[in-house]
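Please read it alongside the sequence and the coordinates.

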Amino acid sequence: MPSDMRRHWFYILLSLAERDRHGSGIVRDVLELTSGELRLWPVTLYGSLDELREHGWIRELGAAPEPDEDRGHRRWFRITPQGRRALVAEMERMRSLVAVAQRRVAGIGDPS
Amino acid sequence: MTGGARRRRRLAERLFRAALRVLPADMRERDGAEIEALFAHESEDARASGVPRHLAFVIGAVWDILRRAPYEHWRRRGRRRNEDSTMRSFIADLRFAFRSFGRQPGATALIVLTLTLGVAANTAVFAIVDGLFLRPFPFPEPGRLVYLNERAPTWNLEFTGINYPDFHTWRERASTFESMALWAETSVNLADASGAERVQGLAVTYDFPKTLGIRPVLGRSFTKEEDGPTPSRVVVLGYGLWQTRFAGSRDVVGQPLRINSRPYTIIGVLPREADFPGRAQFWVPLNGDPNQRGESYGYDGIGRLKPGVTVEQARSDLLRAHAPIWTARDSARVVSPRLDGLREQFGSNFRAMGKALGAGALLVLLIACANVAGAMLARSIFRRREIAIRLALGASAKRVGRQLITESLALAIVAGLAGTLIGRWLVRLLVTFGSDQLPPWVQLQFGVRTIVFAVLVIVATALVFGLAPALQARRADVTGSLVGGAGTRASVGIPQRRMLDALVVIEIALALVLLAGSGLLVRAYGTLRNMDPGFRPDGVMTFQLALPQAKYPSAVAQRRFYATLTDRLTATPGVQSAGVVTCLPFGCHWGMFLRAEGAAPPARNSSNPVVLARYASAHYFEAMGIRLVHGRFFTDAEGGPTGPHPVVINEQLAKQLWPNVADPVGKRMIWNGDTVSTDWMTVVGVVRDVRHYGLVKPMIGGLYKSAFEADTSQSLESLGIAVRSATGEAAVLAAARAIVRELDPELPLIDVRSAQAAVNRSFADRRTIAFVFAAFGGIALALALGGIYAVLSYVVGRRRQEIGIRMALGAQRSQVIGLVVRQGLRLVAIGVVLGLPVSLLALREISSLLVGVSARDPLTYAAAIALLAATAALSALVPARRAAGVDPKTALVEG
């Protein structure tokens, strides 16, 4: 998927790229990553997780990877190699976007 | 945790859980528990930071569900089926439709306007039909209400009115009724410090409110005792009178009210919906006497059937209950009870008219549909390439057809909204200006029922006019359209042309039905306008007076009053003559039986037609302009206790009593009612029949007796006054008011109108339907012509090349014009051939509305056909001239 990944997909992948997480963990991590700007509401979160799984970018873990501090969360998620590739591709796209924009803005001329 | 916080948390969780139900089932199953747990967990954090934050969190989470749910549903539908979802494609189609309409604003506006007219006509007519036939009366279980009356075929009367003792017997003996009641319309003078006023009301039996199923909003209704044979002075106010005269004051019960100069006590106030059968402002007890001597028919009856009883069962029960009356005093069984559903009875006079209006509106809509179908079809032919491309790219024919139906639906919705609004406005207009042409019990409302009907019309319309192009699309020839490219201009596809032609032919055929129908109705109206009512209405002013018994207790006092009044009116400058009569034309009815001298008393079961009896002053004939045929008018001085009673009879009565006598002047007759009198009456003159019951109703035998004859004990409480003048109605009216006020300041003038207005009023309904049909016919003509114009323009556009070749080969301008016009006329000819038998068949249904013109009147049909042909030729001329203007060179090069 070369272009325009949805914002919350991007952040979910980014969050899982660090380590496996459960739903609540993703929400908190994304809040932290975006300095509280993006809150993944429950239904959006699980809907998106379902879509990402359909794409084959994440998968659900059978059992909790670490002794859970929080008994309520049964389901853990892990990023797949395809997911990592999609994330990298999205980062590349954003990088080139920024590069183009920077060149143009610089070309127009900074007064200083 | 405080109790409030706990409650709040529980409430929030319940709310969130409830909202989750809108998600797809499989998502709820798999993720539901997780989502709830996450919500609870995060909610806990949010709650820690205060109530506003918590609230914002809950709202945010619920909003998230609602926002996301449609997407989740759609996502699954896509998963299930690879094709796109119906809903999404519908919306896409709709968007596409509006975009393509936007590119052709003129044509689209025309289509919408056409449909708007059709929908407006139909919703307005539906509101009327609903008010007349469908809407139940505003009483509990209206289906159980029936109308009661009596009939006497040998008297030539389908409705005699009910005799009180008969009703009394029914009420005692009938077993299928929960209750039954009588009513009689009455009008009284209400006088108070502010002046005199004439008010309509009802005299009712005590069980009237129970039968209708209503209760007074204030106070009570009559008791059985108050409705006994001795009059009691109690009155129940109608809601309207309570509001206008007593400003809705709640302590009105117990207050006095002067009715006909007598004190009455107000005992209650009726609810608003009790206005039955309309325009009744109060109720007084009917005070019927079951032992009354002599038969007097005149009341209307209403019954409430027991649950589950059919009209048929009630009818035979009523006949059974009536049987003792036949044994006791009517062995010939002349009078028998009749019973009909209340709504059927009240709507019966308007059935033919309602049907005609409904059919007319439907025809307009059908023509509009055919017209729009043609336009859509032409559009779809122009869009053949677009459609072919879509088909080639893999869209199914079904899918393309759906797109076209959606376009139709979009048009129908816009037109439907506009049409419904206009229809509503038309109904308002009718209520404002035509309310006196409608019976008082009709409530014209543009309510939910009408709107539901409008929606049905809109959907049906969209399907009807969207079907033709959609069917076309299915048969679209993909390769032909694509390969042909611009060259498709050379000729028009045969099937498309055929369908376009067929639509125009249908339009012409339907338009012919409407045109011929409106022609017939307009001619019938013209006949009515010119019909001789039996008197000369021009320059005649009429009004009524009702003398209160309290002030004018004797016939002598009443007579003196009217004699003075007519004398003073006649003395007024400009007045030619003035007279009084008991029943003015189109007014009341008082039926009597007569026997000619020497004739045998009528045998059992033989015909004994009722005669309209009137008392009139000598100058009434002159004032009304009633023409004498034989003999002379009587004078006011004639008659008296000893002398013979002079009477003037109408031609119909002369024929009825002395069928073989050319001039019955000098013949004698007597009243032949319950008791045969010995007071002979002598015919002194014969006058023309006055069409008392309306211009279209046959006149029965009638007689005029002298109102001022000194001896009669006949009460003259209420009389009509006719004044003929040369000075104009306003001057006469002012003079009359002044004279009446001088004679008795408490007397109001009632039913003031010119005789011409009374005549016009008597056929106002026919005028309305003629106008409406003329409008329908005009619309139909315009639409049909528009159809012809569109088809020919289209054909000319498509055949430019061919026409160019013809002209290059030497065809004249006139030949080209003739070619195109002939094509138009050919369609008209086919349409007429198909429409003529349809018209002849369909218009038989309106024959009951026609007067002086047959439903198959050849002249009307010829005129309608000529009008269609002439205007069709005119509308064909525009595209024809355009064709003749084709420059052969450019046409050929373009091709």
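Helices here are DSSP runs of H or I with at least four residues, strands are DSSP runs of E with at least two, and both are numbered from the N terminus. By that count chain A has four helices and three strands. The model is a predicted one.

**Chain A: overall make-up**
- Along the sequence, the elements of chain A come in the pattern α-β-α-α-β-β-α.
- Chain A has 112 residues, of which 28% count as buried.
- Of the contacts in chain A between residues at least 6 apart in sequence, 56% join residues at least 24 apart.

**Chain A: the sheet and the helix across it**
- The three strands of chain A form an open sheet in the order 1-3-2, with antiparallel pairing.
- Strand 1 (21-22) and strand 2 (58-61) of chain A are the edge strands, and each pairs on one side only.
- Strand 2 and strand 3 (residues 76-79) of chain A run antiparallel and are joined by four bridges.
- Helix 1 (residues 7-18) of chain A lies across strand 1, strand 2 and strand 3 of that chain, and runs at about 90° to strand 3.
- As background, strands of a sheet pair through backbone hydrogen bonds, either parallel or antiparallel.

**Chain B: a hairpin**
- Strand 7 and strand 8 of chain B form a hairpin with two residues between them.
- In the turn, N260(B) has a positive phi of about 50°.
- The pairing of strand 7 with strand 8 (residues 262-269) of chain B is antiparallel and covers four bridges.
- Within strand 8 of chain B, P263(B) is the bridge partner of R258(B).
- Side chains alternate along strand 7 (residues 256-259) of chain B: L257(B) and I259(B) point to one face and are buried.

**Contact between chains A and B**
- The contact draws 15 residues from chain B and 11 residues from chain A.
- On the chain B side, the elements that give two or more residues are helix 2 (25-48) and helix 3 (51-80).
- Helix 2 of chain B gives the most to this side, with eight residues.
- By class, the side of chain B that touches chain A holds seven nonpolar, two polar and six charged residues.

Definitions and conventions: Residues numbered from 1 in each chain as written. Chains lettered and ligands numbered in written order. Predicted model: local features only at pLDDT ≥ 70, side-chain atom pairs only at ≥ 80, totals over all residues. Buried ≥ 20, exposed ≤ 12 C-beta atoms within 10 Å, placed from the backbone. Pairing = 2+ DSSP bridges. Contact = placed C-beta atoms within 7 Å. Nonpolar A, V, L, I, M, F, W, Y, C, P; charged D, E, K, R; others polar. Axes fitted to C-alpha atoms, helices over the stretch in contact; angles between N-to-C directions.
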